[in-house]
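Subject: Structure for you to look at

Dear colleague,

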Amino acid sequence: MMAASLLRRDKKGTAAHLKADLNRIDNSSGVRQLQELLDAVLNPEKPAADSEALDWCKCLIAGGDGFEEFCITVRSYDNATLCGLVWTANFVAYRCRTCGISPCMSLCAECFNNGDHTGHDFNMFRSQAGGACDCGDSNVMRESG
Ligand SMILES: [Zn+2]
Ligand SMILES: [Zn+2]
């Protein structure tokens, strides 16, 4: 099936159909269709603020469910201890080598102050490229941090 014909179809139906295809053991046709669709939707020659493309992305991410419902589902997976604060460049953040498992862990000032890092090997740094608070993310830091 060509992307052009996919594009004319109902977004939700197509997204649900693609999701089903991609969940198959042999998902090559689903992958190909998704790539063709994304090539058409995210065509760089189209204006960036194309709300049609945005709608497509939302539908594809949600896999045929409503985007709002999808967001609610995602939020329900979110552990309440996660701060998840995202910052841009030149934000002052903290890094604690005692609590961190990964050397790239970083905490926002609020989470750092809320955790007890007395006597820990930590430093304060100015985030050059922006980042996100890893508080509560057990992949990068110990539960106690
Ligand atoms: Zn935080
Ligand atoms: Zn610490």
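Four donors count as tetrahedral if all angles between them lie between 85 and 135 degrees. Please keep in mind throughout that this is a predicted model.

With that rule in hand, the site of the zinc ion (ligand 1) is tetrahedral, with angles of 103 to 115 degrees among its four donor atoms. Those donors are the SG atoms of Cys83, Cys108, Cys111 and Cys133, which coordinate the ion at 2.3 to 2.4 Å, and along the chain they follow the spacing C-x24-C-x2-C-x21-C. Among these residues, both cysteine 108 and cysteine 111 are buried.

The zinc ion (ligand 2) has Cys96 (SG), Cys99 (SG), His117 (ND1) and His120 (ND1) as its protein donors, at 2.0 to 2.3 Å, and their spacing in sequence is C-x2-C-x17-H-x2-H. Cysteine 99 belongs to the loop between strand S2 (91-96) and strand S3 (107-108), while histidine 117 belongs to the loop between helix H6 (109-114) and strand S4 (122-127), so this pair ties together parts that are 18 residues apart in sequence. Cysteine 99 and histidine 117 are both buried. The arrangement around the zinc ion (ligand 2) is tetrahedral because its four donor atoms subtend angles of 106 to 114 degrees. For comparison, the ideal angle for four tetrahedral donors at a metal is 109.5 degrees.

Turning to the aromatic residues, the count comes to three aromatic pairs. In one of them, the rings of tryptophan 87 and phenylalanine 91 have centres 4.9 Å apart and planes at 5 degrees, so the pair is stacked. Tryptophan 87 counts as buried because its relative accessibility is 5%, whereas phenylalanine 91, at 29%, counts as partly exposed. Tyrosine 94 and phenylalanine 112 also form a stacked pair, with 4.2 Å from centre to centre and 5 degrees between the planes. Since tyrosine 94 lies in strand S2 and phenylalanine 112 in helix H6, this pair ties together parts that are 18 residues apart in sequence. Tyrosine 94 and phenylalanine 112 are both buried, and together with Phe122 they form one aromatic cluster.

One further contact involves a charge and a ring: the charged end of arginine 95 sits over the ring of phenylalanine 125, at 4.2 Å from the ring centre.

With kind regards

Technical notes. Residues are numbered from 1 along each chain as its sequence is written. Chains are lettered from A and ligands numbered from 1 in the order in which they are written. This is a predicted model: local features need pLDDT of at least 70, side-chain atom pairs count only at pLDDT 80 or more; totals for chains, interfaces and linings use all residues. Side-chain values use heavy atoms; hydrogens and water are left out. Donors are N, O and S atoms within 2.8 Å of the metal (3.2 Å for Na, K and Ca); water is not among the atoms, so sites may look incomplete. Four donors count as tetrahedral if all angles lie between 85 and 135 degrees; four count as square planar and six as octahedral if opposite donors are over 155 degrees apart and all others between 65 and 115; anything else is irregular. Helices (H or I, at least four residues) and strands (E, at least two) are DSSP runs, numbered from the N terminus. Buried means under 20% relative accessible area, exposed over 50%, partly exposed in between (1.4 Å probe, protein chains only). Rings of Phe, Tyr and Trp (its six-membered ring) pair if their centres lie within 6.5 Å; planes under 30 degrees apart count as stacked, over 60 as edge-to-face and the rest as tilted. A charge sits over a ring if NZ of Lys or CZ of Arg is within 6 Å of the ring centre and within 35 degrees of the ring normal.
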